[in-house]
Amino acid sequence: MNDISNLLDKMWSDYVALNPQAQKIVELIESKGDSVENDHIALRTFNHPKINIDKVAKSFVETGYVHKGDYEFIEKKLVAKHYEHKNPKLPLIFISELKLEEFSAEFNQIVNGLVDQVEDGQCADFNFSSNGRPWNLSTSDYKKLKEESDYGAWMGAIGFRPNHFTVSVNKLSSFEELHDLNNFLKENGFKLNESGGEIKGSKEVCLEQSSTLADSVEVEFSDSKLTIPSCYFEFAKRYETSSGELYTGFVAKSADKIFESTDKTQ
């Protein structure tokens with residue numbers, strides 16, 4: 001039987017190997033006698049039929065996750081969906097995909113060449129979202145992707161694994177407000193993504209978010225190695241909607257700027 005807890009654990013282990021700052025931040029918060037709970041996990045892909053959102057979401061849907069929201073990011077040329085589980089202890093899953101039809105023929109040729117290297121059986125693997133990069137990529141092709149899309153280059157180089165996990169500020173006892181947590185992180189040497197402001201969103205839209213800048217990782221390409229942005233850590237505070245329930249969706253305008261956390265590193 002496929003176990004969602006096992007998959008989430010594998011995703012976390014893979015993620016902190018690429019983004020050790022996340023483990024350091026968890027330990028820092030826990031040193032205050034607090035415990036850290038995950039609000040959501042975000043994954044990326046291309047809108048190629050072989051590896052699109054629905055394919056990436058398959059393992060989550062099989063284990064009880066339900067599609068709850070749709071989002072569009074016109075400037076970044078992305079669409080996304082989020083999924084929720086009836087078990088409130090399980091994190092939300094947010095999956096985005098790059099709209100290939102809005103990019104150049106050369107960009108598409110590179111991406112199609114990557115996807116051609118993915119076997120059908122790999123996509124069907126329950127652990128697909130923690131298996132990393134299933135293709136070889138040259139440094140020149142990575143740089144060509146990056147000319148048109150930081151997101152596309154990240155996806156080409158890093159592959160199928162979370163680009164971030166998210167601390168639920170609502171579940172913390174040491175920090176009531178997001179800006180208090182942000183100040184604590186900065187005091188301890190972590191750099192935050194300031195694109196669109198340090199805090200994205202507001203109480204009015206029922207969601208506030210902030211994030212670190214991506215950690216860096218040395219990636220082996222087919223012809224050499226490059227040090228590039230890897231993953232980042234996010235922090236989210238949710239507010240009640242007019243119906244009195246805690247908001248569980250996402251705000252496209254905020255997420256648009258959060259995506260930029262992987263454009264550069266700490």
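This is a predicted model: local features need pLDDT of at least 70, side-chain atom pairs count only at pLDDT 80 or more; totals for chains, interfaces and linings use all residues.
Which residues are linked in a network of salt bridges? They are Glu72, Lys99 and Glu102.

1. **The overall count.** A search of the whole structure turns up 11 salt bridges. The points below pick out some of them, including the pair formed by lysine 99 and glutamate 72.

2. **Lysine 99 and glutamate 72.** In this salt bridge the closest N and O atoms are 3.2 Å apart. Lysine 99 sits in the loop between β4 (92-98) and α4 (105-115), while glutamate 72 belongs to strand β2 (residues 66-73), so the contact ties together parts that are 27 residues apart in sequence.

3. **Lysine 99 and glutamate 102.** Lysine 99 also forms a salt bridge with glutamate 102, and here the closest N and O atoms are 3.1 Å apart. If you start from lysine 99 on screen, you can trace the network of Glu72, Lys99 and Glu102.

4. **How open is the network?** Is lysine 99 buried or exposed? Its relative accessibility is 14%, so lysine 99 counts as buried, since the cut-off for buried is under 20%. Glutamate 72, at 45%, counts as partly exposed. Glutamate 102 is partly exposed as well, with a relative accessibility of 34%.

5. **Lysine 146 and aspartate 150.** Here is another salt bridge to visit: the side chains of lysine 146 and aspartate 150 meet with an N to O distance of 2.5 Å. Lysine 146 has a relative accessible area of 30% and is partly exposed. Aspartate 150 is partly exposed too, at 28%.

6. **Lysine 77, a backbone point.** Most residues other than glycine have a negative phi. Lysine 77 is not a glycine, yet its phi is positive, at about 60 degrees. You will find lysine 77 in the loop between β2 and β3 (78-84). Its relative accessible area is 28%, which makes lysine 77 partly exposed.

7. Where is cysteine 206 found? It lies in the loop between β6 (200-202) and β7 (207-211). With a relative accessible area of 13%, cysteine 206 is buried, whereas lysine 77 is partly exposed.

Conventions:
Residues are numbered from 1 along each chain as its sequence is written. Side-chain values use heavy atoms; hydrogens and water are left out. A salt bridge is a side-chain nitrogen of Lys or Arg within 4 Å of a carboxyl oxygen of Asp or Glu. Helices (H or I, at least four residues) and strands (E, at least two) are DSSP runs, numbered from the N terminus. Buried means under 20% relative accessible area, exposed over 50%, partly exposed in between (1.4 Å probe, protein chains only).
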